[in-house]
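Hello,

Here is the structure I promised to pass on to you. Please open it beside this note, and I will go through what turned up.

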Amino acid sequence: MRKISQEKYRKLENTANNEGVIGALAIDQRGALKKMFQAAGKAADQQTIEAFKRLVSEELTPYATSILLDPEYGLPASKARAESCGLLLAYEKTGYDTTIPGRLPDSLAVWSAKRLKEAGADACKFLLYYDVDEADEINEQKKAYMERIGSECVAEDLPFFLELVSYDAEITDSSSEEYAKVKPKKVIEMMKEFSDSRYNVDVLKVEVPVNMNFVEGYGETACYTREEALGYFKEQSEATDLPFIFLSAGVSSQLFRETLRFAKEAGSTFNGVLCGRATWANGVEPYAVSGEETAVAWLQKEGRKNIEELNEVLAETASAWTDKLVVE
């Protein structure tokens, strides 16, 4: 088992329930959320984004173990969360520079692990786009960057959640069958890399190792048999000794719940979720079109239903992060 400081352990407890399962709500989206508002016909200025995040926090954090927010738009929402709900704050800039190759990481200019901690964070989250097959000159930059973030978090005794998003530099459509065929290797190998103790990661936030739309019985086209897909989930689980949680990657809440059951069937020892759009995305349009009152009604009914149904599945499928980490 991995050893962590008593303070990190205590803060991780704040992000999970009493059973050690992380049922976190993610609304650290910035660029993606602006696009969602624009698609619904509403200008997405600072005030609009802040207000929507605050509403989501007010209405849904009573049912989540913690909430992931960004310090650019999410600080009002962090103060509106339920008392029982822990706080994760994102450290990375949204998106990446498309004018240079490599999807290189960059941190928020006026933030640090120290400042995230001072803002009340129980953990620092950093998103890294990673292609295990990309050139060493690119991937070595990313490895060094993660070493810096990990060292900052050690200095501040702040848990480090590393969100890994795979891609292929040569395949533009990550939802394609072409990418689905290479995805298992991409996801599993990058988990192995960043489980190395040199990065000081405490929890990995990761994709599931397959595109469920291409699993036999789940989509119109299958590029994995059911047995192959189960095998990839098992291999993923065995690729790390760190706690790891699944991101929803924008899929529907129903498919995400089915995916967690599939992972459990495979023998995956995942430790929870950080679920974003699958929970609240359909609340953007009511807010954009009809205003706050309509959005609140949607969140209280459909948003709450989404998160409570997810919590029920987590109770049946997820393992405790305390099975993997102990106080040094």
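Helices and strands here are DSSP runs, with helices (H or I) of at least four residues and strands (E) of at least two, numbered from the N terminus. This is a predicted model, where local features need pLDDT of at least 70 and side-chain atom pairs count only at pLDDT 80 or more, while totals for chains, interfaces and linings use all residues. Residues are numbered from 1 along each chain as its sequence is written, and side-chain values use heavy atoms, with hydrogens and water left out.

Let's start with the largest pocket, which holds about 1200 Å³ of space. Its lining has 45 residues, and the closest to the pocket centre are Val165, Leu247, Ala249, Gly250 and Arg277. At least two lining residues come from each of α2 (31–39), β5, β6, α7 and α9 (253–266). A pocket is an open set of points on a 1 Å grid over the protein atoms alone, where a 1.4 Å probe fits, with protein on both sides within 12 Å along at least five of seven lines; lining residues have an atom within 4 Å of a point. The volume is the space filled by probe spheres set on the points, which are joined across faces, edges and corners.

Next comes helix α6. Its 21 residues (136–156) should span 30 Å at 1.5 Å a residue, and the end C-alpha atoms agree, being 30 Å apart; the expected span is 1.5 Å times one less than the number of residues. Among the buried residues of α6 are Ile138, Tyr145, Met146, Ile149 and Cys153. Buried means under 20% relative accessible area, exposed over 50%, and partly exposed in between (1.4 Å probe, protein chains only).

After α6 comes Asp157, with a positive phi near 55°. Asp157 lies in the loop between α6 and β6, and counts as partly exposed because its relative accessibility is 26%. Arg103 also has a positive phi, about 45°, although it is not a glycine. Most residues other than glycine have a negative phi.

Finally, look at Glu308 in helix α12 (residues 292–317).

Best wishes
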